[in-house]
Amino acid sequence: MSDQHDETDRETGEDFLDGNVLGGELSAVFVRDLTGAYGRCGGCGHDGPVPAVRVWTAGPGIVARCQGCDHVLLRLVQTDTHLMLDASGFAEIRWPLE
Ligand SMILES: [Zn+2]
């Protein structure tokens with residue numbers, strides 16, 4: 001987080017930080033086990049435990065779909081040079097805190 005830079009939006013005058021701050025803040029999320037999370041579908045709003053989603057692994061990556069409406073919730077693809085995650089199909093993913 002030491003590499004973050006403060007700036008001010010020229011139009012709104014609001015202060016903001018650059019994306020370096022996400023590394024520290026999101027490290028609490030990306031170490032968590034997704035099987036302990038709950039997710040809300042961005043397509044139909046179905047809400048439930050992530051292990052209940054339907055997952056296809058035969059393609060070039062992994063695709064998870066909503067069991068309520070078949071909306072694509074998540075794609076994970078690994079190439080020779082990158083690991084790509086698209087979780088935009090979830091409206092929300094949340095982990096209960098012990
Ligand atoms: Zn759905």
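From the N terminus on, the elements of this protein run β-β-α-β-β-β-β-β-β-β. That makes one helix and nine strands. Helices here are DSSP runs of H or I with at least four residues, strands are runs of E with at least two, and both are numbered from the N terminus.

Two remarks on the source. Residues are numbered from 1 along each chain as its sequence is written. The model is predicted, so local features need pLDDT of at least 70 and side-chain atom pairs count only at pLDDT 80 or more, while totals for chains, interfaces and linings use all residues.

Overall dimensions next. Along its principal axes the C-alpha trace spans about 45 × 35 × 35 Å. The radius of gyration is 17 Å, whereas a compact globule of 98 residues would have one near 13 Å. That radius is taken over C-alpha atoms, and the globule rule is 2.2 Å times the number of residues to the power 0.38.

The protein is divided into domain 1, residues 1–31, and domain 2, residues 34–98. These bounds come from an automatic or database domain assignment. Between the C-alpha centres of the two domains there are 26 Å.

How many of the 98 residues count as buried? The share is 9%. Buried means 20 or more other C-beta atoms within 10 Å of the residue's own, exposed means 12 or fewer, and partly exposed lies in between, with C-beta atoms placed from the backbone. As for contacts with a separation of 6 or more, 31% are between residues 24 or more positions apart. A contact here is two C-beta atoms, placed from the backbone, within 7 Å.

Now the sheets. Strands count as paired if DSSP finds at least two bridges between them. Strand β3, residues 38–41, is joined to β9 by four bridges. Cys41 has Phe90 in β9 as its bridge partner.

The other open sheet to show has four strands, β5-β6-β7-β8 in order, again antiparallel. Its edges are β5 (54–56) and β8 (83–86); each has a single partner strand, so one side of each is without a neighbour in the sheet. Here the twist averages 10° from one strand to the next. Three bridges pair β5 with β6, residues 61–65, and Val55 stands opposite Ala64 in β6. At the other end of the order, β7 (residues 72–78) and β8 share four bridges. Arg75 stands opposite Asp86 in β8, and a hairpin of four residues joins β7 to β8.

Where is Asp70 placed? Asp70 is in the loop between β6 and β7. Its phi is near 70°, a positive value in a residue other than glycine. Most residues other than glycine have a negative phi. Asp70 counts as exposed because it has 12 C-beta neighbours inside 10 Å.

Leu97 lies in the segment after β9. Is Leu97 buried or exposed? With 4 other C-beta atoms within 10 Å, Leu97 is exposed. Its C-alpha atom is separated by 25 Å from that of Val55, 42 residues away along the chain.

Note on methods: Axes are lines fitted to C-alpha atoms, for helices over the stretch in contact, and angles run from 0 to 180 degrees between N-to-C directions.
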